[in-house]
Amino acid sequence: MELNCPVCDKQLTATESGARCESCNQDFKLEARCPECHKPLEVLKACGAVDYFCQNGHGLISKKRVEFVPVAP
Ligand SMILES: [Zn+2]
Ligand SMILES: [Zn+2]
């Protein structure tokens, strides 16, 4: 997975809690978005597994298909 900084478009470094831009000195958290409608997904945690659910009619989205978008906390 490759993510770019929404501010300067440089590649982000993965961190424990999300991603970091070394060039802006800014930490981002990653928000899960639906690949179909690009709306934020509901994160469902069950038995150590995480599921992503789209409330706009796209149902459960497998982690492979989820779009992760860096957002400033
Ligand atoms: Zn940046
Ligand atoms: Zn959707």
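View 1. Ala14 has Ala19 as its bridge partner in β2. Between β1 and β2, the hairpin has three residues. What you're looking at is a predicted model, where local features need pLDDT of at least 70, side-chain atom pairs count only at pLDDT 80 or more, and totals for chains, interfaces and linings use all residues. For bookkeeping, residues are numbered from 1 along each chain as its sequence is written, while chains are lettered from A and ligands numbered from 1 in the order in which they are written.

**View 2. Crossing from β2 to β3.** Here β2 pairs with strand β3 (residues 26-33), antiparallel, over four bridges. Ala19 turns up again, standing opposite Phe28 in β3. Four residues sit between the strands of this hairpin, and Asn25 takes a positive phi near 60 degrees there.

**View 3. The three-stranded sheet.** The other open sheet has three strands in the order β4-β5-β6, again with antiparallel pairing. Its edges are β4 (42-46) and β6 (59-61), and each pairs on one side only. From one strand to the next, the twist averages 40 degrees (axes are lines fitted to C-alpha atoms, for helices over the stretch in contact, and angles run from 0 to 180 degrees between N-to-C directions).

View 4. Five bridges link β4 to strand β5 (residues 49-54), running antiparallel. Ala46 finds its bridge partner in β5 at Ala49. That hairpin has two residues between its strands, and Cys47 takes a positive phi near 50 degrees. On to β5 and β6: these pair in the antiparallel sense over three bridges, with Gly59 in β6 as the bridge partner of Cys54. Four residues lie between the strands in this hairpin, where Gly57 takes a positive phi near 95 degrees.

**View 5. The nonpolar core around Val66.** Six residues make up the largest nonpolar core: Cys34, Leu41, Tyr52, Cys54, Ile61 and Val66. Such a core is a set of buried Ala, Val, Leu, Ile, Met, Phe, Trp, Tyr and Cys residues joined through C-beta atoms within 7 Å. Leaving out neighbours within four places in sequence, Val66 is in contact with Ala32, Pro35, Leu41, Tyr52 and Ile61 (contact means C-beta atoms, placed from the backbone, within 7 Å). Buried residues come to 15% of the 73 residues in the protein, where buried means 20 or more other C-beta atoms within 10 Å of the residue's own.

**View 6. Stepping back to the whole chain.** Seven strands and zero helices are found in the protein, with helices (H or I, at least four residues) and strands (E, at least two) taken as DSSP runs numbered from the N terminus. The C-alpha atoms fill a box of roughly 35 × 25 × 20 Å along the principal axes.

Technical notes. A residue is buried if 20 or more other C-beta atoms lie within 10 Å of its own, exposed if 12 or fewer, and partly exposed in between; C-beta atoms are placed from the backbone. Two residues are in contact if their C-beta atoms, placed from the backbone, lie within 7 Å. Two strands pair if DSSP finds at least two bridges between them.
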